[in-house]
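Student: I have the sequence and the model open. Walk me through the fold, please.

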Amino acid sequence: MNRTTVIIIAVVAIVAVAAIGVYALNSNNSGQGDDGDRTAIVYFSYTGNTDKVAKMISDITGGDLLRIEAAMPYTKEDTEYGKEDCRAMIEAKDPTARPGIAKDVDISGYSRIYLGYPIWHGDSPKIMWTFTEAHDFKGKTIVPFCTAADSAKNLDALTDDGKWLDGKRFFKDVIESELREWISGLKS
Ligand SMILES: Cc1cc2nc3c(=O)[nH]c(=O)nc-3n(C[C@H](O)[C@H](O)[C@H](O)COP(=O)(O)O)c2cc1C
């Protein structure tokens, strides 16, 4: 084998190894596993706080962002804090209220779901109850989180399926390192 042949073989080998590396990176560039072993951040957000935290969790975990949108979007009047007859308050007081979701959020391909929401009148907004009751969580781990000043209530009482971890509350100005610490400390 002369010198030129050796150089050509070496160049071809380097290009092949680089191509395989690029392919491997592209085929899994979100840090996601195969179908059925993926992470999603499913969330509802009205004023944007939960949206911000959900995006940070997505950046950290590589999970897909799936936003729950209300079929009838909430308005300022609907959510006026302290107004007894506003929509959010009426829904909060009504255990049977299940506000519609604009477009179904398909969680079938995900094994781990970070489930985020604000707290409305001491609990999760009823649209989260609609979502929870409408889905099958069998075989999934659900990690609830909320953005609010007080409680971090779970939705697990609404379903028999899934492994629900304890809910975690974050203030709206939570920083990424706090989220990283929480995520890396999750037991399962
Ligand atoms: C209708 C309504 C009711 C709320 N009730 C509570 C509450 O009971 N406790 C609390 O800590 N925060 C409450 N908040 C504040 C929100 O939970 C908080 O600002 C949250 O971060 C908003 O999330 P979002 O921006 O993703 O919608 C309420 C906000 C609204 C609009």
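**Fold and contacts**

Tutor: From the N terminus on, the elements run α-β-α-β-α-β-α-β-β-β-α. Helices (H or I, at least four residues) and strands (E, at least two) are DSSP runs, numbered from the N terminus. This is a predicted model: local features need pLDDT of at least 70, side-chain atom pairs count only at pLDDT 80 or more, and totals for chains, interfaces and linings use all residues. Residues are numbered from 1 along each chain as its sequence is written.

Student: How many helices and strands are there in the chain?

Tutor: The order of elements, α-β-α-β-α-β-α-β-β-β-α, already shows it. The count is 5 helices and 6 strands.

Student: Which strand does S1 join through 6 bridges?

Tutor: Two strands pair if DSSP finds at least two bridges between them. S1 (residues 38–43) has 5 of its 6 residues buried; buried means 20 or more other C-beta atoms within 10 Å of the residue's own, exposed 12 or fewer, partly exposed in between, with C-beta atoms placed from the backbone. Parallel to S2 (residues 64–67), S1 has 4 bridges. The 6 bridges, also parallel, go to S3 (residues 110–118).

Student: What is the handedness of the crossover from S1 to S2?

Tutor: S1 and S2 run parallel, with 4 bridges. The chain passes from S1 through H2 (residues 49–61) to S2, a β-α-β crossover. With the strands pointing away from the viewer, a clockwise path from the first strand over the helix to the second counts as right-handed. This crossover is right-handed.

Student: Which element gives the most residues to the shell around the ligand?

Tutor: The shell holds 20 residues, the closest being Ser-45, Thr-47, Asn-49, Thr-50 and Pro-118. By class there are 8 nonpolar, 9 polar and 3 charged. With 3 residues, the top contributor is H2.

Student: Why is H4 described as largely enclosed?

Tutor: Its buried residues are Lys-126, Ile-127, Met-128, Trp-129, Thr-130, Phe-131 and Thr-132. What covers them includes H3 (87–93) and S3. H4 is largely enclosed by the rest of the structure because the buried count is 7 of 9 residues.

Student: Is Ile-119 buried or partly exposed?

Tutor: Ile-119 lies in the loop between S3 and H4. Beyond four places in sequence, Ile-119 is in contact (C-beta atoms, placed from the backbone, within 7 Å) with Ser-124, Cys-146, Ala-148, Asp-150 and Ser-151. The C-alpha atoms of Ile-119 and Asp-150 are 7.8 Å apart, across 31 residues of chain. With 18 other C-beta atoms within 10 Å, Ile-119 is partly exposed.

Definitions and conventions. Near = placed C-beta within 6 Å. Nonpolar A, V, L, I, M, F, W, Y, C, P; charged D, E, K, R; others polar. Contact = placed C-beta atoms within 7 Å.
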